[in-house]
Amino acid sequence: MFILNDILKPLQNAFSSTNLGRERAHWFSYAILAFIIPFTSSISSNVLRCLNTLFGWFR
(Lines give C-alpha, C1' and ligand atoms only; values in the text may rest on other atoms or scores of the structure.)
Protein backbone atom coordinates (compact mmCIF):
# COMPACT_ATOMS: atom_id res chain seq x y z
CA MET A 1 0.00 0.00 0.00
CA PHE A 2 2.95 2.36 0.41
CA ILE A 3 3.46 2.54 -3.35
CA LEU A 4 -0.14 3.72 -3.73
CA ASN A 5 0.61 6.60 -1.39
CA ASP A 6 3.62 7.52 -3.53
CA ILE A 7 1.48 7.46 -6.66
CA LEU A 8 -1.60 9.24 -5.32
CA LYS A 9 0.15 12.18 -3.65
CA PRO A 10 1.45 13.67 -6.95
CA LEU A 11 -1.97 13.13 -8.51
CA GLN A 12 -3.61 14.97 -5.62
CA ASN A 13 -1.14 17.83 -6.00
CA ALA A 14 -2.41 18.39 -9.54
CA PHE A 15 -5.66 19.75 -8.10
CA SER A 16 -5.92 23.38 -7.02
CA SER A 17 -5.10 24.40 -3.46
CA THR A 18 -8.56 25.84 -2.74
CA ASN A 19 -10.94 24.07 -0.37
CA LEU A 20 -12.92 22.65 -3.29
CA GLY A 21 -9.73 21.53 -5.03
CA ARG A 22 -8.49 19.72 -1.93
CA GLU A 23 -11.89 18.04 -1.50
CA ARG A 24 -11.87 16.93 -5.13
CA ALA A 25 -8.34 15.59 -4.73
CA HIS A 26 -9.45 13.39 -1.83
CA TRP A 27 -12.51 12.10 -3.70
CA PHE A 28 -10.35 11.44 -6.76
CA SER A 29 -8.04 9.29 -4.65
CA TYR A 30 -10.98 7.38 -3.19
CA ALA A 31 -12.40 6.73 -6.65
CA ILE A 32 -9.03 5.52 -7.98
CA LEU A 33 -8.60 3.21 -4.99
CA ALA A 34 -12.11 1.82 -5.49
CA PHE A 35 -11.16 0.72 -8.99
CA ILE A 36 -7.70 -0.69 -8.41
CA ILE A 37 -8.09 -2.56 -5.13
CA PRO A 38 -10.03 -5.77 -5.67
CA PHE A 39 -11.38 -7.33 -2.49
CA THR A 40 -12.23 -10.73 -3.98
CA SER A 41 -12.21 -12.38 -7.37
CA SER A 42 -15.48 -10.73 -8.51
CA ILE A 43 -14.00 -7.30 -9.12
CA SER A 44 -16.93 -5.62 -10.89
CA SER A 45 -19.47 -6.27 -8.14
CA ASN A 46 -16.99 -5.18 -5.50
CA VAL A 47 -16.26 -1.96 -7.36
CA LEU A 48 -20.00 -1.25 -7.35
CA ARG A 49 -20.21 -2.04 -3.61
CA CYS A 50 -17.21 0.16 -2.88
CA LEU A 51 -18.65 3.07 -4.87
CA ASN A 52 -21.95 2.56 -3.10
CA THR A 53 -20.18 2.78 0.24
CA LEU A 54 -18.13 5.81 -0.75
CA PHE A 55 -20.82 7.85 -2.43
CA GLY A 56 -24.04 6.45 -0.91
CA TRP A 57 -25.62 5.45 -4.21
CA PHE A 58 -28.57 3.06 -4.55
CA ARG A 59 -30.09 3.54 -1.10
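A residue counts as partly exposed when its relative accessible area falls between the buried range, under 20%, and the exposed range, over 50%. With that in hand, here is a friendly tour of this predicted model. The structure holds 2 aromatic pairs, and a nonpolar patch on the surface includes Phe-28, a member of one of them.

**Aromatic pair across the chain**
- Phe-15 and Phe-28 make a tilted pair, with 5.5 Å centre to centre and 55° between the planes.
- This pair links distant parts of the chain, 13 residues apart: Phe-15 sits in the loop between H1 and helix H2 (19-36), while Phe-28 belongs to helix H2.
- Phe-15 has a relative accessibility of 29%, so it counts as partly exposed.
- Phe-28 is likewise partly exposed, because its relative accessible area is 31%.

**Aromatic pair within helix H2**
- Trp-27 and Tyr-30 form an edge-to-face pair, at 5.5 Å centre to centre and 85° between the planes.
- Both residues lie in helix H2, 3 residues apart, or about one turn of the helix.
- Trp-27, at 34% relative accessibility, is partly exposed, and Tyr-30 is also partly exposed, at 39%.

**Nonpolar surface patch**
- Ile-3, Ile-7, Leu-11 and Phe-28 make up the patch, and together they have about 350 Å² of accessible area.
- Helix H1 (residues 2-13) supplies the largest share of the patch, 3 residues.
- Ile-3 is found in helix H1, and its relative accessible area of 59% is over the 50% cut-off, so Ile-3 is exposed.

Notes
Residues are numbered from 1 along each chain as its sequence is written. This is a predicted model: local features need pLDDT of at least 70, side-chain atom pairs count only at pLDDT 80 or more; totals for chains, interfaces and linings use all residues. Side-chain values use heavy atoms; hydrogens and water are left out. Patches are made of residues with over 30% relative accessible area and no salt bridge: like charges are joined within 9 Å, nonpolar side chains (Val, Leu, Ile, Met, Phe, Trp, Tyr) within 5 Å. Accessible areas come from the Shrake-Rupley method with a 1.4 Å probe; for residues, only the protein chains shown count as cover. A salt bridge is a side-chain nitrogen of Lys or Arg within 4 Å of a carboxyl oxygen of Asp or Glu. Helices (H or I, at least four residues) and strands (E, at least two) are DSSP runs, numbered from the N terminus. Buried means under 20% relative accessible area, exposed over 50%, partly exposed in between (1.4 Å probe, protein chains only). Rings of Phe, Tyr and Trp (its six-membered ring) pair if their centres lie within 6.5 Å; planes under 30 degrees apart count as stacked, over 60 as edge-to-face and the rest as tilted.
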